[in-house]
Amino acid sequence: MLVLRNATAVQFEPALIKEGVDIVIDGDKIKEVGANLAANYPGAVVKDMNGKLVMPGIVCSHNHFYSGLARGIMADIKPSPDFISILKNLWWRMDRALDEEAVYYSGLICSLEAIKCGCSSVIDHHASPNYIAGSLNTLRKGFIKAGLRGMTCFETTDRNHGMKEMVAGVEENIAFAQLIDRAKEKGEEPYLVEAHIGAHAPFTVTNDGLSMMAEAVQATGRGIHVHVAEDRYDVTHSHHHYGQDIVERLDSFGLINEKTLLAHGLFLSEKDIAILNGKNGFLVHNSRSNMNNNVGYNDKLTRFQNVALGTDGIGADMFEELKFAFFKHRDAGGPLWPDSFLRHLWNGNEILARNFGAKFGRLDAGNKADLTILDYTSPTPLVADNLAGHIAFGFNAGNVNSVVVEGRFVYEDRAFPFDVAPIYAEARKVAMRLWQTMDKLD
């Protein structure tokens, strides 16, 4: 039993700020929340929060942990004037250079960095075409080592080796989902990692590939996680080769449902949006990545029923991501205010709930004890009505003091429970080797 005493309870949805609260944690769940509760649990470990903000854990709903060793990359990257050339010259060379060691350190480093930024959960989307079988479990080891909750999947694609590669990608997604099921049955470790059925993007997956993915969804009970309409090329490719809008094509294979995650979606048609909304699926908005790749702005955000926020591989600082999402929206003349983007951030908890079969995102009894704890001293009143404004204009990752996942501290008083210096030192060596391997590829 763990009691977080004298916390300032903060909740995004519905908005809540309440001082002098004790939060009682029993195992992996919140047991009780209220004033002066610590005395009722004499055998519990008590941690005095001294008024720190304690909120449900923050979720990054779309990330690429395979990009973790790309920071400051020193490789021979050809000029890339458009999105497709950026993919070919940078990211598709990097993912082909990844081996087991590089995948592990990239995933572990990204897990640690996400926790430092206040994330308790990250939904990942993986690619390593020359290391497919077993790659997702390698990533899972990094999640578990760091203590981060998350999901991952393999980017099914035909872009390197055609049908052979698509088959291998689908098989890895199925094998990983089955591994998760076996681990849950045995109960030998915390249930921290779940699976999607992944694909890169519709323009690199043929109908045969979508058919195999549909079988994987049926066999595993998982949903799909895929980029869509990140660039106009994806739309024109779908029209030219298949005579369908993108989501319409995916839906024709039975791939759109309440567990669906579609990343980006900048150029989806009204028909596509209606299909996604009708099936209760999610769009994940990645504002900084869209700006970085110069692909445009999603001016249809208000049309989507379910929107979450991700980074598309640009770290996992969700405070920063929310700010960019809001400011870019305002710059584009959009009507939404910070409270809408706070709801988008909170929606990551709904994605977790649909996939883990548990309650997330509220400081209520029975919810998972995934928590983010902040030091935040405000020069102005902090109340429920202005919480979104404080997050958009005040909160930042530097305020993160501690993170609790599954009822235990994975980061406390700005320190991990194990020495991370050797991990970072080894990651730097692996990064240099990875960049050198990239330069040897066509």
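Student: What am I looking at, and how are residues numbered?
Tutor: A predicted model, where local features need pLDDT of at least 70, side-chain atom pairs count only at pLDDT 80 or more, and totals for chains, interfaces and linings use all residues. Residues are numbered from 1 along each chain as its sequence is written, and side-chain values use heavy atoms, with hydrogens and water left out.

Student: How many helices and strands are in the chain?
Tutor: The chain has 14 helices and 17 strands. These are DSSP runs numbered from the N terminus: helices are H or I with at least four residues, strands are E with at least two.

Student: Why say the chain agrees with a compact globule?
Tutor: Because a compact globule of 442 residues would have a radius of gyration near 22 Å, and the chain has 21 Å. That radius is taken over C-alpha atoms, and the globule rule is 2.2 Å times the number of residues to the power 0.38. Along the principal axes, the C-alpha atoms fill a box of roughly 65 × 45 × 40 Å.

Student: What share of the residues is buried?
Tutor: Buried residues are 59% of the 442. Buried means under 20% relative accessible area, exposed over 50%, partly exposed in between, with a 1.4 Å probe and protein chains only.

Student: And contacts, what part is between residues 24 or more positions apart?
Tutor: Of the contacts with a separation of 6 or more, 75% join residues 24 or more positions apart. Contact means heavy atoms within 4.5 Å.

Student: You named helix 3. Where is Ser-135?
Tutor: Ser-135 is in helix 3, residues 135-146. Ser-135 is buried, at 0% relative accessible area. Leaving out residues up to four places away in sequence, Ser-135 touches Val-103, His-126, Ser-128, Phe-154 and Glu-172.

Student: Now helix 5. What covers its buried residues?
Tutor: Helix 4, strand 10 (197-199), strand 11 (224-228) and helix 7 (246-252) are included in that cover. The buried residues of helix 5 include Leu-210, Met-213 and Val-217. Gly-221 follows helix 5, with a positive phi near 75 degrees.

Student: Which residue other than glycine has a phi near 55 degrees?
Tutor: Asp-312 does. Most residues other than glycine have a negative phi, and most peptide bonds are trans. Asp-312 is in the loop between strand 14 (307-309) and helix 10 (318-331).

Student: Is Asp-312 buried or exposed?
Tutor: Asp-312 counts as buried, at 12% relative accessibility. Asn-280 has a positive phi of about 65 degrees and is not a glycine. Asn-280 is partly exposed, at 28%.

Student: Which peptide bond is cis, with omega near -10 degrees?
Tutor: The bond from Glu-13 to Pro-14. Pro-14 is in the loop between strand 1 (2-11) and strand 2 (16-26).
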